[in-house]
Amino acid sequence: MPELPEVETIRLGLQKYLVGHRIVNVQVRAPKLFQGNPEDVIGAKVKDIRRVGKGLIIDLDNGFSMAIHIKLTGQLIYRGDETKNVQVSKEKVGQVPSNATHVIFTLDKKAVLYYNDRRRFGWIKVLATDQVGNLPFFREMGPEPPVAKEMEGKALTLEKFKEILTKSNTAVKPLIMDQKKIGGIGNIYANDALFMAGIDPRRKANTLTAKEMEALYKAILFVMEKSFKYGGASELNFVNALGQEGEYQNHALVYGKEGEKCPKDQTVIKKFFLGGRGTYMCSYHQK
Ligand SMILES: [Zn+2]
C-alpha cells in the first residue's frame, strides 16, 4: 500500500501541475468511489494540495475541497500539454483512460486528471474545506515522521515516539504501522526500519531500550527519506502524478528479500506473518 513517501510524491506532482487549473467537468464512472456532489467542484479553481499521513486534500477556491485516499491501488494521473511527451508506466497504468479509470476531471487549458483504481478501495470525498479536519480519517491520524518538508499533520518527535512505544505492550511492528498512533508508516518501511535498527519486529514495544527507540526513530526517517528520493516504491500500482513508477523497491533493505542473505552477516532472511502482514527479518542481527 502506498505510504507517506508515495503519497507525498503524488502531492508534489499535483502541486506542480494541477494547482491553478479550473475544473470544467467531472465524469464519475464509479459512484461508490466519489462521495459528494460533482457540482460543488465544477467551475472551481485548484488552490492547494495538502497531505495528512496517506491522505490527500485538494483545496478549491470556492470553499470546497476533495479529500482523497488512494488505498491499495489508486492513481491520480495528470495529462496536459506540458506532459504530453511523458510516457506513463506501461505496466502500472497502460492507457488513460482505461477500464480502471473511475473518475475523470476535465480541466481548463486542455488538461485532464484521471483517478484510476484497479481494486476500487480508494475514495474521493467532496466537502467544505473547513470540514476536512472533521473526517474521522484525518481527525484520528497520529503524528507523522517529519520526512516531507510540507505537512499538515502533527510531527512525530523522538520524545513522542518514545512515549507511544513505552505505553504499549503490543509487538513493535504493528504498533508503528497503526495509523492512529503514527501516521504514514506502512509495511515496507516498517520492515526496513526494524532491520536497519537491528530490532526483532515481534518485540513488545515497551521492552525497547531508550537507545533502541532512538535507533528505530532514526531508521524510520532514513528509509522514508531514501524512498522519497527514489520517487516512492511501486510495489502494487503506485505511480506519481505523471503516471511514472518509483524505484525504492529496487533499493529495499529486507522487504521482499525472503531467502536472500543479510548484507550485514550473511544470515538467510526469513519471512513470516505478523498481524496479518508479511514480515521479513534477519534472525541473527535483529534482536
Ligand atoms: Zn543480519
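Biologist: At what angle do helix α5 (residues 187-197) and helix α6 (residues 210-229) pack?

Modeller: This is a predicted model, in which local features need pLDDT of at least 70 and side-chain atom pairs count only at pLDDT 80 or more, while totals for chains, interfaces and linings use all residues. Residues are numbered from 1 along each chain as its sequence is written. Helices (DSSP runs of H or I, at least four residues) and strands (DSSP runs of E, at least two) are numbered from the N terminus. The axes of α5 and α6 (lines fitted to C-alpha atoms, for helices over the stretch in contact, with angles from 0 to 180 degrees between N-to-C directions) lie 8 Å apart, and the angle is about 130 degrees.

Biologist: How are α5 and α6 set to each other?

Modeller: Angles under 35 degrees count as roughly parallel, over 145 as roughly antiparallel, 65 to 115 as roughly perpendicular and the rest as oblique. The packing angle of α5 and α6 is about 130 degrees. The two helices α5 and α6 are therefore oblique.

Biologist: Is the crossing in which α5 passes α6 left-handed or right-handed?

Modeller: A crossing is left-handed if the near helix is turned anticlockwise from the far one by less than a right angle, and right-handed if clockwise. Where α5 and α6 meet, α5 supplies residues including Tyr189, Ala193 and Ala197, and α6 supplies residues including Leu216, Ile220 and Val223. The crossing of α5 past α6 is right-handed.

Biologist: Which residues of α6 make the contact with α3?

Modeller: Helix α3 (residues 158-166) and α6 have axes that come within 10 Å and cross at roughly 120 degrees. They are therefore oblique, and their crossing is right-handed. Contact is counted where C-beta atoms, placed from the backbone, lie within 7 Å. On the α3 side the residues are Leu158, Phe161, Lys162 and Leu165, and on the α6 side they are Ala210, Met213, Glu214 and Tyr217.

Biologist: How many residues does the largest nonpolar core have?

Modeller: A nonpolar core is a set of buried Ala, Val, Leu, Ile, Met, Phe, Trp, Tyr and Cys residues joined through C-beta atoms within 7 Å. Buried needs 20 or more other C-beta atoms within 10 Å of a residue's own, exposed 12 or fewer, and partly exposed is in between, with C-beta atoms placed from the backbone. Ala193, Leu216, Ile220 and Val254 have the most contacts inside the largest core, which has 75 residues.

Biologist: Which element gives the most to the side of domain 1 that touches domain 2?

Modeller: The centres of domain 1 and domain 2, taken over C-alpha atoms, are 28 Å apart. Their contact takes 26 residues from domain 1 and 22 residues from domain 2. On the domain 1 side, the elements that give two or more residues are α1 and β6 (74-79). With nine residues, the element that gives the most is α1.

Biologist: Is Gly13 buried or exposed?

Modeller: Gly13 is part of helix α1 (residues 4-17). Beyond four places in sequence, Gly13 contacts Tyr78, Asn240, Ala241 and Leu242. Because Gly13 has 22 C-beta neighbours inside 10 Å, Gly13 counts as buried.

Biologist: How many C-beta neighbours does Leu4 have inside 10 Å?

Modeller: Leu4 also lies in helix α1. Not counting residues up to four places away, Leu4 touches residues including Gly53, Pro145, Ile185 and Met224. Leu4 counts as buried because its C-beta neighbours inside 10 Å number 26.

Biologist: Which peptide bond is cis?

Modeller: Most residues other than glycine have a negative phi, and most peptide bonds are trans. Pro97 is in the loop between β6 and β7 (101-107). With omega near -10 degrees, the cis bond runs from Val96 to Pro97.

Biologist: What is the phi of Lys109?

Modeller: Lys109 is placed in the loop between β7 and β8 (112-117). Lys109 counts as exposed because it has 11 C-beta neighbours inside 10 Å. Although Lys109 is not a glycine, its phi is positive, at about 55 degrees.

Biologist: Is Gln266 buried or exposed?

Modeller: Gln266 sits in the loop between α6 and β10 (270-274). Gln266 is not a glycine, yet has a positive phi of about 65 degrees. Because Gln266 has 9 C-beta neighbours inside 10 Å, Gln266 counts as exposed.

How values were computed
Contact = placed C-beta atoms within 7 Å. Domains from an automatic or database assignment.
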